[in-house]
Amino acid sequence: MSGFDWAYRSSVPGVGWTPRDESLLRTAFAIHCILTDHYAEVPGIPVPFAVPGHFPQNRVIATAPFTLYSFQAASDGSYVHDNGFFFATGQYGLAMTAGVGLARAIGNSQRRANAQADATRMWRPLDQGNIFVNIDGFHLVTAGDLAGWDWGSIVMGQMVQRGQFAMVGDSEFGRVSYVIESDLAELVFFLWAAHRQPQHPQLYQRVWLLPEWLDKYDAVRRPDDIDYWNQSVLGDRALPPGL
């Protein structure tokens, strides 16, 4: 490949090359290099935090924004019931009193409904920031924290839709279920499956090579760039030793 030339690809008329496309290009390039045993050619990205392992094997190879969703309830379902007393006097006092009572009842009903909804377990946004991926796992950097995940801590994973990787993992707080929404979700899925479950059905379906992205890439690909569809085929080949 002739290199990562964002300026060139984004300037090709009629294509609309986006940061998402660029992240998928880096994903396809990294996976191609892994499958062809040329991982050393994947460029590293400088980061300000400690990465386990030894350089250059442990270098970070991709970064992008992320949103983390957790399958949980927002609260225990409790709420504050407003039973305060109000009584108005005068010509319109009775109507005002009734109106305040109705408004309080509506408010209590809404608080009760909101509390019940908050007590329902569902996918809820938990945090956001930037994800940094390397060969051994990924790091989630937010405004106030840094969380690292290695592939061994993730016991189940799959792509649920474009750009969304669902995982079940063992954390210091116990078993957790997350969805990572990011332009690098496909890369995270590939690396996890390659390490933990090489027979994962989605791995052989090549979910990281999205047909619509390949069409866009073909429109901006130069003659010496990689034809990913024909060259990044996993098929029945074994993954490189030691991955």
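Relative accessible area is used here to class residues as buried (under 20%), exposed (over 50%) or partly exposed (in between), with a 1.4 Å probe and protein chains only. By this definition K216 is partly exposed, with a relative accessible area of 22%. The structure is a predicted model, in which local features need pLDDT of at least 70 and side-chain atom pairs count only at pLDDT 80 or more, while totals for chains, interfaces and linings use all residues. Residues are numbered from 1 along each chain as its sequence is written, and side-chain values use heavy atoms, with hydrogens and water left out.

The structure holds eight salt bridges, a salt bridge being a side-chain nitrogen of Lys or Arg within 4 Å of a carboxyl oxygen of Asp or Glu. One of them joins the side chains of D21 and K216, with an N to O distance of 2.6 Å. Because D21 belongs to helix α2 and K216 to helix α6, this pair ties together parts that are 195 residues apart in sequence. Helices (H or I, at least four residues) and strands (E, at least two) are DSSP runs, numbered from the N terminus. Whereas K216 is partly exposed, D21 is buried, at 5% relative accessibility. A salt bridge also links D218 and R221, whose closest N and O atoms are 3.3 Å apart; D218 is partly exposed at 43%, and R221 is partly exposed at 28%.

The side chains of D170 and R175 meet in a salt bridge of 2.4 Å, N to O. D170 is partly exposed, with a relative accessible area of 37%, whereas R175 is exposed at 55%.

Backbone geometry was also examined. A cis peptide bond, with omega of about 10 degrees, joins F55 and P56, and P56 is placed in the loop between α2 (19-35) and β1 (60-72). D37 likewise lies in the loop between α2 and β1 and has a positive phi of about 60 degrees although it is not a glycine. R206, also not a glycine, has a positive phi of about 55 degrees and lies in the loop between α5 (201-204) and α6 (211-220). D37 is exposed, at 59% relative accessibility, whereas R206 is buried at 13%.
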